[in-house]
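Try each task yourself before reading its solution.

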Amino acid sequence: GGAISAFNSTLHMSAVRFNACTAAQHGPSVLTAGGAVLCAGAQSNVTLHNSTVEDCHAEAIHYNETEHYLVTGGGIALVSVHIYTVSDVFMQGNTVGFAGGIRPPGVWWLPTPTTFNALGGAIFVLGNNPTSIVHDVVTSHNAAVCIGSNCRAAGGAICSMGLLLGIRSHNDTVECFGGTCIALGGAISTSGMLAVANINVSRAQVSCQSEGLGGGWCS
């Protein structure tokens, strides 16, 4: 959490502005989450209302690792939170990014990383609860970017397993570059049991490019 990190907590935020906050890891780690806010834990009750999250970043850089790495929530990361409500929030210019695991061509003896994930340029939500919701959120120019031998980038604005209602997305993007890439949802990537309604998406982009490093395919 670049600004706030909460675990198994009650956290109610209203009329808050997060600007240019960063959660970053340069070196061995497993998880980098929540450029502005990271909330986790099954006993958590989280509310973010009438607020702004701008130019916040969750990012990681690693090289030649062999583990599973995850970077989530350029603005907000909600990880297995029991109850959450995100409403009337404006999110602009937030990014989640991963770079690493690039094996130089011809240098076959360096280990190839298992998986790199960059998920949720503005918001990342892991876990679904029917009492929890993200609604009336405006996103603009947020991005999920992954660079590496094996990587996945999902949800330029939102990567979520929960309820999404009244989302307006403009110019949100997903980019994936490397040997084996999966790029999902320029604006929104969802999975699991969910409801999506009243979504307005404009100028979303998905970019996937392979240079043949460590396999060479894109999806």
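**Exercise 1. Strand pairing in the sheet**

*Solution.* For a residue-level view, look at Ala40, which stands opposite Val79 in β10. Keep in mind that you are working with a predicted model.

Next, widen the view. The open sheet has 6 strands in the order β1-β6-β10-β14-β17-β20, with parallel pairing. At its edges stand β1 (4-7) and β20 (188-190); each has a single partner strand, so one side of each lacks a neighbour in the sheet. From one strand to the next, the twist averages 5°.

**Exercise 2. The nonpolar cores**

*Solution.* First, get the extent of the core: it holds 28 residues, and Phe18, Leu78, Ile123 and Val134 have the most contacts inside it. Then go through the strands.

Now zoom in on Val134. Setting aside residues up to four places away in sequence, Val134 touches Tyr84, Val86, Ile123, Val125, Leu163, Leu164, Leu165 and Ile167. Finally, there is a second, separate core of 16 residues, and Tyr69, Phe98, Ala144 and Cys146 are among its members. As background, nonpolar side chains tend to be buried together in soluble globular proteins.

**Exercise 3. Aromatic pairs**

Classify the ring pairs Tyr69 with Phe98 and Phe98 with Phe116.

*Solution.* The count of aromatic pairs comes to 3. Take Tyr69 and Phe98: their ring centres are 6.2 Å apart and their planes stand at 40°, so this pair is tilted. Tyr69 sits in strand β9 (residues 68-72) and Phe98 in strand β12 (residues 95-100), so the link joins distant parts of the chain, 29 residues apart.

Move on to Phe98 and Phe116. Their ring centres are 4.2 Å apart with planes at 25°; planes under 30 degrees apart count as stacked, so that is the label here. Phe116 belongs to strand β13 (residues 115-119), so the pair ties together parts 18 residues apart in sequence.

To finish, check burial. Phe98 is buried at a relative accessible area of 3%, and Phe116 is buried at 0%. Tyr69 is buried too. Together, Tyr69, Phe98 and Phe116 form one aromatic cluster.

**Exercise 4. A serine and the cysteines**

Is Ser169 buried or exposed, and how many disulfides are there?

*Solution.* Locate Ser169 in strand β18. Its relative accessible area is 4%, so Ser169 is buried. Leaving aside neighbours within four places in sequence, Ser169 is in contact with Thr139, Ala187, Asn200, Val201 and Ser202.

For the cysteines, the disulfide count comes to 0. Cys56 shows how the test works: the nearest cysteine sulfur, that of Cys21, is 4.2 Å away, whereas a disulfide needs the two sulfur atoms within 2.5 Å. Cys56 is buried at 0% relative accessibility, and Cys39 is likewise buried at 0%.

Conventions
Residues numbered from 1 in each chain as written. Predicted model: local features only at pLDDT ≥ 70, side-chain atom pairs only at ≥ 80, totals over all residues. Heavy atoms only, no water. Core = buried A, V, L, I, M, F, W, Y, C linked by side-chain atoms within 4.5 Å. Buried < 20%, exposed > 50% of the residue type's maximum accessible area, 1.4 Å probe, protein only. Contact = heavy atoms within 4.5 Å. Pairing = 2+ DSSP bridges. Helix = DSSP H or I, 4+ residues; strand = E, 2+ residues; numbered from the N terminus. Axes fitted to C-alpha atoms, helices over the stretch in contact; angles between N-to-C directions. Phe/Tyr/Trp six-rings, centres within 6.5 Å; stacked < 30°, edge-to-face > 60°.
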